[in-house]
Amino acid sequence: MKVEFAPLNIPLARRLQTAAVLYFVLCFLVLGPVSVSKKSVSHVLSKETGGNISVIVLGGAEESLDAHPGKFTLFIRQRKGFVKIALTCGAYLVPVFSFGENELFKQISNPEGSWLRTLQNRMQKVMGFALPLFHARGIFQYNFGLIPYRKPIYSVVGHPIPVHQTPNPTSEQVEELHQTYMEELRKLFEEHKGKYGIPENETLIFR
């Protein structure tokens, strides 16, 4: 096996970019996150002064187990709580998709029904979080490690979906808005996938 080593003469601009990203991540971890519970999200969106947003990673632990390079599987069909909160608070929904996220790591094959996936699902139910077996590159070589590959991530933001405040939304209203959100997310993916090297036949898979 040929070992590919990382270059030592890294440009100053790249070092500064890395430092800026680490600073942003640190600030986000210290000041940004709140619980994704109904109470916490509703509190963020219900302040009288307005101007607050809540960013939710909908797929969560289940989606991480399907995060393989070249795959676009989103666990969203049963994620409807965020829609109900949006209706209750009158908060617009904004679809966002990041191209390139699944290219940062390689995950050991774990298709549905395999012994590994079965074990991961059982551990997730017990511990509350998933354990994907992934690898990427090392600090001084590119063959193996836990540092993400040097791949760009392009986040595209769709048009806000207007939401009329409904204090007690019905299940039909939640379902209708949820379907609209998924349709807009798919449109966003289809509109931009060609720009970022995604084959024409690839599409989002909603689970």
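Mentor: The C-alpha centres of domain 1 and domain 2 lie 19 Å apart. The bounds, which come from an automatic or database domain assignment, are 10-51 for domain 1 and 56-206 for domain 2. Eight residues from domain 1 and five residues from domain 2 take part in the contact, where contact means heavy atoms within 4.5 Å. This is a predicted model, in which local features need pLDDT of at least 70 and side-chain atom pairs count only at pLDDT 80 or more, while totals for chains, interfaces and linings use all residues. Residues are numbered from 1 along each chain as its sequence is written, and side-chain values use heavy atoms, with hydrogens and water left out.

The two domains bury about 530 Å² between them, 77% of it on carbon and sulfur atoms. Buried area is the accessible area (1.4 Å probe) that two parts lose on being put together, summed over both. Of the area that domain 1 buries against domain 2, Arg14, Val41 and Leu45 supply 54%, more than any other three residues.

Between domain 1 and domain 2 the count of salt bridges is zero; such a bridge needs a side-chain nitrogen of Lys or Arg within 4 Å of a carboxyl oxygen of Asp or Glu. On the side of domain 1 that touches domain 2, the largest share, four residues, comes from α2, a helix being a DSSP run (H or I, at least four residues) numbered from the N terminus. By class, that side of domain 1 has four nonpolar, two polar and two charged residues. Here Ala, Val, Leu, Ile, Met, Phe, Trp, Tyr, Cys and Pro count as nonpolar, Asp, Glu, Lys and Arg as charged, and the others, Gly among them, as polar.

Terms used:
Helices (H or I, at least four residues) and strands (E, at least two) are DSSP runs, numbered from the N terminus.
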